[in-house]
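Please look over the sequence and the model, then read the points below.

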Amino acid sequence: MAEVTLKDVTKIYDGDVLAVEQAGFQIPDESFTVLVGPSGCGKSTILRMIAGLEEITEGDIYIDDERINDIPPKDRDIAMVFQNYALYPHMTVYKNMAFGLKLRKYPKAEIEQRVKEAAEILSISHLLNRKPKHLSGGERQRVAVGRAIVRHPKVFLFDEPLSNLDAKLRVQMRMEISRLHNRLDATIVYVTHDQVEAMTMGDQIVVLNEGKIQQIADPGTLYHKPANQFVGGFIGTPPMNFIETNIVNNGGNPMLGFETFKVELNDQLQSALAKLSGDSVTLGIRPEDIHAGENGVSHSKSQLASYGENRVETHVELVEPLGNHALLYLRTGKNSFVAQSDLVNMPQHNAQITVNFNMDKAHLFHPETGERL
Ligand SMILES: Nc1ncnc2c1ncn2[C@@H]1O[C@H](COP(=O)(O)OP(=O)(O)OP(=O)(O)O)[C@@H](O)[C@H]1O
Ligand SMILES: [Mg+2]
């Protein structure tokens with residue numbers, strides 16, 4: 001298997017569409033690296049440049065120590081699985097999987113052995129004589145993955161391979177691809193716009209927006225230490241709340257004020273404020289870190305005490321029960337945000353409740369650049 005390195009890779013289409021801007025990162029050997037970001041952020045373009053299907057405008061791509069910019073796709077030892085994994089409809093599953101090897105003139109016995117082995121890994125041995133139209137969506141997807149596996153490539157590239165499947169099947173295939181990764185010890189680069197897929201599958205996640213890398217990290221770091229407001233808002237459902245606040249002085253201690261409320265800052269957040277010159281800052285807080293307390297108490301008295309003065313009076317605009325918890329859409333003045341509540345203490349629509357901000361879990365972002373402070 002292999003390591004892939006991108007050095008300052010830029011892609012400009014048709015002279016003026018800047019699709020990828022100076023992307024530099026390493027895909028470690030045997031890692032499961034996910035490229036994630038909204039539609040049009042350049043994910044497929046990066047994958048296609050690695051595969052050799054798209055020319056690199058500037059920069060270099062290496063597999064291990066070899067620069068591959070000028071190596072034709074068929075000689076790169078990379079296998080790609082696309083979203084529209086068109087199988088050949090007139091060929092059986094066996095022939096679909098064997099086709100690429102046949103083109104490359106592998107001996108018949110070797111082809112047979114590889115197809116059988118891949119079919120077994122994917123649990124499709126019993127389907128080898130069927131044609132694609134007699135397969136379910138998930139089975140077809142497995143055949144498409146099988147076509148890649150038989151090649152024993154150095155690197156697997158997956159471009160949104162699950163987006164044509166229904167939600168349940170997607171979850172199942174997600175697990176299967178993760179299992180496949182463990183079994184093959186393969187280097188996998190996986191593209192998705194679905195942050196849940198990224199978080200559950202990737203050991204390294206590259207977050208992209210508008211052609212630029214926003215952050216490269218493991219799932220835990222992305223969630224708990226987003227590098228900027230974009231990553232904070234993109235990772236996690238429902239997304240992080242952002243509230244524009246003013247820094248107010250409370251007898252020497254800075255606090256954050258928004259409208260009629262003030263919230264306290266711990267030492268760490270106070271020292272983060274030193275990086276600012278102005279007096280406004282964006283507060284980021286996830287719904288699960290805003291607790292419906294007091295008149296809807298879901299937390300013990302001592303827990304509430306530890307939130308200090310960080311309580312906010314709000315109006316409940318909407319309650320969304322979700323089985324094991326509820327989401328509360330709250331408003332205070334012009335600010336609205338989402339909080340999480342357990343079902344027992346779930347307030348009613350239109351109620352006035354006090355919520356507590358767990359400021360130990362809060363994030364501060366620069367009001368103009370969106371960078372984490
Ligand atoms: N062949 C092309 N010619 C011109 N512009 C292109 C071409 N392919 C892609 N683009 C543009 O480059 C940008 C990145 O496209 P890309 O396909 O890499 O996005 P993506 O992140 O894969 O999006 P999606 O999630 O929708 O698949 C987009 O603005 C797109 O319109
Ligand atoms: Mg794409």
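How many helices and strands does the secondary structure of the protein chain come to? The count is 10 helices and 20 strands. The model is predicted.

**Overall picture**

- The C-alpha trace of the protein chain spans about 80 × 45 × 35 Å along its principal axes.
- The protein chain has 373 residues, and buried residues make up 37% of them.
- Among contacts in the protein chain with a separation of 6 or more, 66% are between residues 24 or more positions apart.

**Helix pairs**

- Two packed helices are described by the angle between their axes and the distance between the axes.
- For helix α2 (residues 93-103) and helix α3 (residues 108-121), the axes come within 10 Å and cross at roughly 135°.
- An angle over 145 degrees would count as roughly antiparallel, and α2 and α3 are therefore oblique to each other.
- The crossing of α2 with α3 is right-handed.
- On the α2 side the contact is made by Tyr94, Met97, Ala98, Leu101 and Lys102, and on the α3 side by Ile111, Arg114, Val115 and Ala118.
- The contact of α2 with α3 consists of 7 nonpolar and 2 charged residues, with no polar ones.
- For helix α4 (residues 137-149) and helix α5 (residues 167-184), the axes also come within 10 Å, and they cross at roughly 30°.
- Because angles under 35 degrees count as roughly parallel, α4 and α5 are described as roughly parallel to each other.
- The crossing of α4 with α5 is right-handed.
- Gly137, Gly138 and Gln141 of α4 meet Leu169, Gln172 and Met173 of α5.
- The contact of α4 with α5 has 2 nonpolar and 4 polar residues, and no charged residues.

**Two buried residues**

- Thr314 belongs to strand β16 (residues 311-321).
- Thr314 has 25 other C-beta atoms within 10 Å, so this residue is buried.
- Apart from neighbours within four places in sequence, Thr314 is in contact with Leu330, Arg331, Thr332, Ile353 and Val355.
- Thr314 and Asn335 are 21 residues apart along the chain, and their C-alpha atoms are separated by 9.7 Å.
- Asp289 sits in the loop between β14 (280-285) and β15 (290-293).
- Is Asp289 buried or exposed? Asp289 has 20 other C-beta atoms within 10 Å, and because the cut-off for a buried residue is 20 or more, Asp289 is buried.
- Leaving out neighbours within four places in sequence, the contacts of Asp289 are with Asn358, Lys361 and Ala362.
- The C-alpha atoms of Asp289 and Asn356 are separated by 8.2 Å, while the two residues are 67 residues apart along the chain.

**Backbone features in loops**

- Most residues other than glycine have a negative phi, and most peptide bonds are trans.
- The peptide bond from Thr237 to Pro238 is cis, and its omega is near -15°.
- Pro238 lies in the loop between α8 (229-234) and β11 (241-250).
- Asp77 is a residue other than glycine with a positive phi, near 60°.
- The loop between β5 (66-67) and β6 (78-81) holds Asp77.
- Asp77 has 14 C-beta neighbours inside 10 Å, so this residue counts as partly exposed.
- Glu160, which is not a glycine, has a positive phi of about 45°.
- The loop between β7 (155-159) and α5 holds Glu160.
- Glu160 has 19 other C-beta atoms within 10 Å, and because a buried residue needs 20 or more, Glu160 is partly exposed.

Technical notes
Residues numbered from 1 in each chain as written. Chains lettered and ligands numbered in written order. Predicted model: local features only at pLDDT ≥ 70, side-chain atom pairs only at ≥ 80, totals over all residues. Axes fitted to C-alpha atoms, helices over the stretch in contact; angles between N-to-C directions. Helix = DSSP H or I, 4+ residues; strand = E, 2+ residues; numbered from the N terminus. Parallel < 35°, antiparallel > 145°, perpendicular 65-115°, else oblique. Left-handed = near helix turned anticlockwise from the far one by under 90°. Contact = placed C-beta atoms within 7 Å. Nonpolar A, V, L, I, M, F, W, Y, C, P; charged D, E, K, R; others polar. Buried ≥ 20, exposed ≤ 12 C-beta atoms within 10 Å, placed from the backbone.
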